[in-house]
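Please look over the sequence and the structure below. A short report on some of its features follows.

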Number of protein chains: 4
Amino acid sequence: MTTTQWDATSLTTRFQEVRAHTERLASPLSPEDQTVQSMPDVSPTKWHRAHVTWFFETFVLSEHEQNFSPFQEKYWFLFNSYYESLGPRYARPDRGLVTRPGAHDVGEYRGNVDARMLDLVAGLDDGTLHKLAATIELGFHHEQQHQELLLMDIKHVLSRNPLEPVYGGTRPQTCAPDAMTFVDVEGGLVEVGHEGDGFSFDNELPRHRQWLEPYRIADRLVTNGEWLEFMADGGYERPEFWLSDGWGRVKADGWRAPFYWTQHDGVWLEHTLHGTWPVNPGLPVAHVSFYEAEAYATWAGKRLPTEGEWEHAVVADGQADAAHSGGNLADLEHFHPAPAAPAGGEHRLRQVYGDCWEWTSSAYHAYPGFHPPEGAIGEYNGKFMSGQMVLRGGCALTPPGHARATYRNFFPHGARWALSGVRLADGGAPRVAA
Amino acid sequence: MTTTQWDATSLTTRFQEVRAHTERLASPLSPEDQTVQSMPDVSPTKWHRAHVTWFFETFVLSEHEQNFSPFQEKYWFLFNSYYESLGPRYARPDRGLVTRPGAHDVGEYRGNVDARMLDLVAGLDDGTLHKLAATIELGFHHEQQHQELLLMDIKHVLSRNPLEPVYGGTRPQTCAPDAMTFVDVEGGLVEVGHEGDGFSFDNELPRHRQWLEPYRIADRLVTNGEWLEFMADGGYERPEFWLSDGWGRVKADGWRAPFYWTQHDGVWLEHTLHGTWPVNPGLPVAHVSFYEAEAYATWAGKRLPTEGEWEHAVVADGQADAAHSGGNLADLEHFHPAPAAPAGGEHRLRQVYGDCWEWTSSAYHAYPGFHPPEGAIGEYNGKFMSGQMVLRGGCALTPPGHARATYRNFFPHGARWALSGVRLADGGAPRVAA
Amino acid sequence: MTTTQWDATSLTTRFQEVRAHTERLASPLSPEDQTVQSMPDVSPTKWHRAHVTWFFETFVLSEHEQNFSPFQEKYWFLFNSYYESLGPRYARPDRGLVTRPGAHDVGEYRGNVDARMLDLVAGLDDGTLHKLAATIELGFHHEQQHQELLLMDIKHVLSRNPLEPVYGGTRPQTCAPDAMTFVDVEGGLVEVGHEGDGFSFDNELPRHRQWLEPYRIADRLVTNGEWLEFMADGGYERPEFWLSDGWGRVKADGWRAPFYWTQHDGVWLEHTLHGTWPVNPGLPVAHVSFYEAEAYATWAGKRLPTEGEWEHAVVADGQADAAHSGGNLADLEHFHPAPAAPAGGEHRLRQVYGDCWEWTSSAYHAYPGFHPPEGAIGEYNGKFMSGQMVLRGGCALTPPGHARATYRNFFPHGARWALSGVRLADGGAPRVAA
Amino acid sequence: MTTTQWDATSLTTRFQEVRAHTERLASPLSPEDQTVQSMPDVSPTKWHRAHVTWFFETFVLSEHEQNFSPFQEKYWFLFNSYYESLGPRYARPDRGLVTRPGAHDVGEYRGNVDARMLDLVAGLDDGTLHKLAATIELGFHHEQQHQELLLMDIKHVLSRNPLEPVYGGTRPQTCAPDAMTFVDVEGGLVEVGHEGDGFSFDNELPRHRQWLEPYRIADRLVTNGEWLEFMADGGYERPEFWLSDGWGRVKADGWRAPFYWTQHDGVWLEHTLHGTWPVNPGLPVAHVSFYEAEAYATWAGKRLPTEGEWEHAVVADGQADAAHSGGNLADLEHFHPAPAAPAGGEHRLRQVYGDCWEWTSSAYHAYPGFHPPEGAIGEYNGKFMSGQMVLRGGCALTPPGHARATYRNFFPHGARWALSGVRLADGGAPRVAA
């Protein structure tokens with residue numbers, strides 16, 4: 001992991017911002033809402049709130065606080081997500097069984113750790129602060145990841161309730177984006193992976209060289225309207241578009257539309273955090289699995305980009321950092337209507353961050369030369385590098401400033417509860433003869 | 001079902017008592033506690049509170065209230081437990097996904113229905129009241145059944161929490177009951193089933209004749225201490241004591257002690273509503289399945305009583321009605337130390353109601369001539385008459401006055417989360433030669 | 001178990017008859033047919049052939065043969081069906097994995113044990129023969145049970161093959177039985193269970209008294225034609241006819257007709273050992289589960305008989321023993337067209353043995369005073385006395401002379417691969433007021 | 001797919017060779033052995049024999065034979081493995097239920113198709129022959145793939161039998177290979193994928209450029225002896241070596257050694273086609289999953305090679321084609337003792353083909369520019385390109401001449417029944433700074 005330069009003031013300010021944002025996201029949720037785990041992939045809201053707190057208590061306070069003792073001995077066990085080296089863990093699918101500590105108790109836990117963290121940072125000399133800042137900054141980004149998960153997860157919890165409860169926000173306006181066009185990218189021997197001083201996760205490193213044949217990449221995401229055409233053309237009924245495993249899931253799980261779509265009286269409705277509404281054809285399609293994304297691309301005569309192609313195109317387009325994604329609660333899960341295509345001249349990528357995580361055709365593996373950090377933190381990313389696919393670009397639930405061009409998200413091929421969408425690519429074929 | 005004689009005052013008073021008792025039982029539980037379903041057999045507390053309310057709204061108000069409209073249309077769907085004839089139902093294993101209505105909303109639902117019920121009863125003429133009283137009284141007993149289930153269920157929920165939360169109450173004192181003795185019962189052509197004017201469920205009817213050979217029945221339940229002897233003698237390791245299906249469960253589920261027992265540093269502890277304590281050898285063993293009860297009886301060279309034998313013995317003993325069981329919260333899950341055996345003369349049954357539901361060797365089937373009532377109420381009991389065994393006698397979580405000698409409870413052979421125990425029997429062999 | 005009087009000649013003759021009949025039943029089956037286990041309930045043909053041989057080797061030869069050593073050490077492990085006290089067992093669902101010994105090897109095993117058994121019996125003095133005869137006779141009846149299972153099992157194996165292979169036999173003629181009528185039975189204090197000198201299994205004992213209210217019992221089985229009426233009236237779509245567990249199976253497993261029925265172009269076909277043919281409306285319905293039998297009876301406004309009612313009616317009708325059932329291969333799975341109803345006067349039971357095992361409303365439990373024999377043979381029946389229902393009467397696959405009025409067969413409530421059908425009953429209500 | 005140049009004689013000769021080899025492999029197997037499917041991944045021997053025949057009947061005869069009619073209409077349905085575009089398929093896990101056609105019937109099917117194929121080829125004009133040869137050659141390689149699978153599958157079937165049957169062959173001698181050394185490879189912008197006129201599958205194309213940093217690759221496979229060291233060091237008990245999914249499998253499935261290893265009296269034995277023998281420390285470890293291979297590499301401080309690295313190293317080493325692997329039955333599953341390391345000078349790869357399929361760190365994806373062929377043949381490879389890892393090099397069960405440097409095999413991460421082993425790599429880190 002690489003890190004930013006911090007002093008006590010900036011670190012303290014950022015700590016308070018990040019911590020406050022989590023509580024803001026949880027504030028519309030009742031104690032009951034915060035308790036339930038609607039499927040094994042989902043974690044309860046209060047678990048997220050406690051787990052990100054546990055991270056600071058475990059990786060910062062326990063190692064640096066004088067006379068450290070945990071807020072509650074048993075919380076160490078309850079709120080460890082997956083760090084095997086820290087001892088036995090509470091089984092993930094049982095997170096929804098833990099009625100106590102309640103939502104209010106978790107608030108007390110957060111308050112206690114916040115106060116101790118601020119005390120600790122205030123009392124550090126510069127040298128220690130510089131050393132500790134890397135872990136604390138990792139804690140910020142860790143908490144931001146959970147802010148996004150908290151929203152994806154509660155979206156699923158609320159979707160299972162026949163009362164159709166609304167989390168909040170308002171319904172985005174309809175829109176009709178310009179036609180999808182494809183941007184030409186030269187390729188060659190390019191560099192991918194994080195560089196420079198800013199923060200990155202370990203899985204974005206090391207920066208390394210990769211050979212790309214010339215390729216083309218779509219300037220915006222596939223829309224709901226385009227997805228409806230795929231469905232109308234038998235997209236979910238014709239095995240020739242599908243990977244074998246994907247077709248197996250279609251049959252076994254009865255997939256016939258994106259995850260949160262239901263059909264009532266012939267109209268497709270979509271469950272969102274701001275209610276259940278008719279599908280908006282101008283917005284990007286969301287909550288499709290890798291298998292669906294891949295089948296769509298096959299149907300469209302295109303393909304998904306590799307993660308190297310995605311990153312190189314975005315960086316070449318001058319969009320290394322996410323400017324705007326996510327933000328205030330009222331805008332939650334608002335997609336950004338794809339801006340108008342440039343009137344003439346050079347094509348640009350119109351819609352990069354803040355809409356949907358974009359499936360790539362790359363399996364999630366270590367970059368060449370990757371080495372996880374020593375100790376429990378080393379379990380952060382590396383051990384998940386099998387059986388998942390990389391997604392790029394952040395989504396409409398990603399906290400502001402969290403995404404960037406080199407950011408690698410990853411989910412299993414069949415995951416649909418994440419806010420994932422589709423960008424197409426083309427070309428990239430070798431010039432050497434077969 | 002048979003019923004009591006009611007007037008408006010007695011009906012109103014009883015209604016308020018029963019309804020208040022449910023809320024008293026829920027009062028120590030947080031909104032989070034009330035939300036969780038820790039296994040498919042378990043229902044959330046707030047679901048119990050709402051479902052018993054739905055019963056009155058559905059079977060009384062909807063048919064008799066002027067200008068009836070439901071408190072919430074969707075609650076009819078959410079809180080229907082199993083009445084197929086009332087339309088599609090919300091899947092039982094998903095009860096724990098419903099975060100809304102919350103615990104507080106359910107309180108409002110209860111208040112609304114209570115007020116409307118009292119209004120309705122106050123305005124009834126005598127003839128209508130007499131007709132309606134049967135359904136309302138069924139609602140009392142239905143709510144009492146759920147009071148008991150609410151406690152069994154929350155006991156399980158809390159047992160899954162590493163923080164070992166306590167529901168309430170105090171730990172019962174240790175005791176050392178007199179040796180088990182066996183009461184001789186003559187048998188012959190006896191009558192079983194409910195008779196007289198008091199309330200009974202439909203499954204206790206019709207009263208009918210049954211032939212019993214002379215038999216003997218234990219005057220008290222098997223204790224934890226006796227169960228420890230069974231365990232020490234390889235009770236859970238020797239297939240010769242077990243039914244084939246029971247032995248399958250022992251192996252598949254790793255049974256090696258009653259359900260809520262765990263061993264720490266060589267000491268057996270028992271999870272109860274009032275905490276986790278060392279097993280008390282003088283108290284009745286609880287939370288054993290039919291398979292375990294049956295294996296214990298085989299090991300002891302005895303057998304379980306049939307439900308006819310149990311009922312006939314209890315009635316002959318002059319204990320047709322439960323005097324005392326359950327009661328105030330402080331006593332919850334307190335067993336009654338078996339009274340001293342009578343000094344001389346006639347043996348009596350010392351421990352009948354209010355400790356553990358007692359497994360019998362009788363499958364739960366209809367009595368000869370049984371006919372369920374017409375309409376949805378007819379689904380109350382009859383359709384569960386397969387694959388379950390009858391238990392008799394009530395338990396330490398049964399509300400006061402709910403149990404009686406003819407009461408037939410029933411659970412599947414492998415159920416362990418109910419407060420079930422063991423009474424032995426002997427004899428009953430035919431006098432005719434084989 | 002009770003037994004017949006045997007001498008060396010009669011025992012030897014019977015041994016050879018029983019053993020030969022098994023081989024005759026297996027003879028139309030290829031080595032491949034004999035190997036497959038099409039579901040966990042089913043055993044491969046060659047396993048049946050070997051297991052019944054293992055019975056004689058284990059319970060007779062190993063205890064009485066001089067210088068006994070097993071034919072093959074490992075066969076003891078492979079062909080033990082469920083005797084826990086004889087050591088670890090080969091897992092039942094894995095019986096279909098054992099390609100060796102092959103069908104031919106099993107034939108050699110059978111020949112070896114046959115020769116040794118005949119040698120042994122020839123050399124016994126009278127006293128020993130009388131003692132051993134009980135076990136050998138049990139072996140005859142054990143083998144006959146497996147002859148029936150072999151046919152039920154291979155029927156299932158062949159049913160899974162798209163080539164629709166035929167086991168053998170010819171298609172029975174269509175027929176149109178007289179209307180079902182009900183025979184009045186007086187009841188009272190009757191005796192049930194085996195009596196006299198002939199063979200019986202331990203579960204038919206002890207003979208004991210039982211009280212029966214007057215009842216009526218159908219003189220023939222329910223036919224396919226009658227079942228089609230049930231289906232046409234929404235039998236498989238209306239929950240009000242069904243036990244709760246039964247309705248669960250209907251929904252989960254998609255039941256919509258008897259087990260081996262399939263619909264092609266609107267015509268219901270039935271898979272049989274002699275081919276797949278249009279359903280014959282005049283024959284008894286077969287391959288229905290207890291749940292279906294019970295639902296049919298509810299739909300018909302009737303009920304199933306208890307096993308006591310069944311036995312008492314059959315004995316009172318003068319049909320204690322099965323005269324004819326089963327028999328030669330050409331007749332296999334031929335039902336007996338129900339004879340014409342007597343023209344006038346007294347009603348009789350027209351169709352008792354040799355068509356379908358008849359579901360009763362009695363759970364399979366021990367008779368009062370039942371004690372299994374000592375030793376491994378004690379596991380023969382007793383340990384299966386939970387979670388199953390009693391069936392009576394034998395079926396069209398039962399070997400000649402195997403069934404009798406006191407014979408208790410048993411299967412789980414949902415079992416459909418057995419040749420099971422439905423006889424209705426009525427009345428039996430108590431005269432005492434409720 | 002690319003193809004060889006064929007004339008009628010060479011094509012006929014090769015056809016007969018390939019077809020005969022399948023029958024030779026099946027010849028030690030009884031009809032019973034050939035029938036069983038011991039787990040869903042495994043197919044019965046007679047299914048393999050029939051399916052490869054169906055391939056020629058479907059893709060060659062049905063399109064080119066005059067007056068074509070299938071040998072048996074139903075075989076088309078039974079022996080289609082996965083071609084969705086050819087209609088509904090018989091469910092893979094049910095292949096073991098098909099007792100008929102039997103092994104002998106399959107022999108007749110093979111004979112019929114062989115004769116018709118030879119007739120067809122004999123009658124073709126040159127132009128048609130050249131067009132058809134590509135499909136027929138694909139049929140050769142398809143049949144060879146199934147020859148290998150047939151052996152892997154029957155190895156599993158026999159492993160489930162307590163009688164420990166032997167397929168055939170003799171036990172290889174023990175050996176003690178020289179220490180593992182690492183060969184330096186320069187990398188750079190290399191080409192991977194098939195080139196030239198010989199046969200290749202479509203997934204080996206198109207040949208394309210790839211950037212490789214300098215790396216090192218082991219000159220031989222990891223041995224059983226080295227694996228025992230991994231086990232002794234807690235390899236299967238320490239989560240820090242494992243991918244998260246891999247560790248999940250270790251716990252869920254109880255992995256503690258390679259697939260076919262069992263421990264008796266402290267000695268590790270290995271099930272092979274030639275019997276069950278003590279593990280030979282000098283031979284390559286076999287039957288380990290990707291997860292195990294990856295964990296071993298982590299433990300050893302190394303990594304697995306990418307498929308590009310593997311291919312480039314082997315081609316650079318001058319070993320584009322497999323000279324010797326597999327062969328006659330007596331040698332089946334004989335590993336080649338790794339030859340002695342060269343005494344001095346340049347390092348070479350000592351052990352490339354014919355021992356174990358070697359796990360790479362590359363997910364099985366399409367090469368850039370990959371397009372599956374039109375029609376059903378297009379389903380041959382492309383649709384399996386998700387959720388699997390690439391293996392290279394062939395194994396001791398691969399038919400002679402079948403493997404080559406560009407050959408891409410693939411299995412799921414957890415597959416262990418394939419003959420898969422481990423080659424380590426190192427280096428490859430980028431020179432550009434992070």
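## Charges over rings

In this predicted model, the charged end of Arg416(C) is placed over the ring of Trp255(C), at 4.3 Å from the ring's centre. Chain A has a case as well: Arg95(A) lies over the face of Trp47(A), 3.7 Å from the ring centre.

## Aromatic pairs

A pair of aromatic rings is described by the distance of the centres and the angle of the planes. Over all chains, the structure holds 144 aromatic pairs. One of them joins Tyr364(A) and Phe410(A): the centres are 4.0 Å apart and the planes are at 10°, so this pair is stacked. The two residues are 46 residues apart and link distant parts of the chain. Tyr364(A) is in the loop between strands S8 (357-363) and S9 (388-392) of chain A, while Phe410(A) is in strand S10 (residues 409-412) of chain A. Both Tyr364(A) and Phe410(A) are buried.

Phe259(C) and Tyr260(C) form a tilted pair, with 4.6 Å from centre to centre and 55° between the planes. Phe259(C) has 26% relative accessibility and so counts as partly exposed, whereas Tyr260(C), with a relative accessible area of 6%, is buried.

## A sheet in chain B

In chain B, 3 strands form an open, antiparallel sheet in the order S5-S6-S7. Its edge strands are S5 (261-264) and S7 (275-278), each pairing on one side only. From one strand to the next, the twist averages 35°.

S5(B) pairs with strand S6 (residues 267-272) of chain B over 4 bridges, and His264(B) stands opposite Val267(B) in S6(B). Helix H6 (residues 224-232) of chain B lies across S5 and S6 of chain B, at about 65° to S5(B).

How values were computed. Residues numbered from 1 in each chain as written. Chains lettered and ligands numbered in written order. Predicted model: local features only at pLDDT ≥ 70, side-chain atom pairs only at ≥ 80, totals over all residues. Heavy atoms only, no water. Pairing = 2+ DSSP bridges. Axes fitted to C-alpha atoms, helices over the stretch in contact; angles between N-to-C directions. Contact = heavy atoms within 4.5 Å. Phe/Tyr/Trp six-rings, centres within 6.5 Å; stacked < 30°, edge-to-face > 60°. Buried < 20%, exposed > 50% of the residue type's maximum accessible area, 1.4 Å probe, protein only. Lys NZ or Arg CZ within 6 Å of the ring centre and 35° of its normal.
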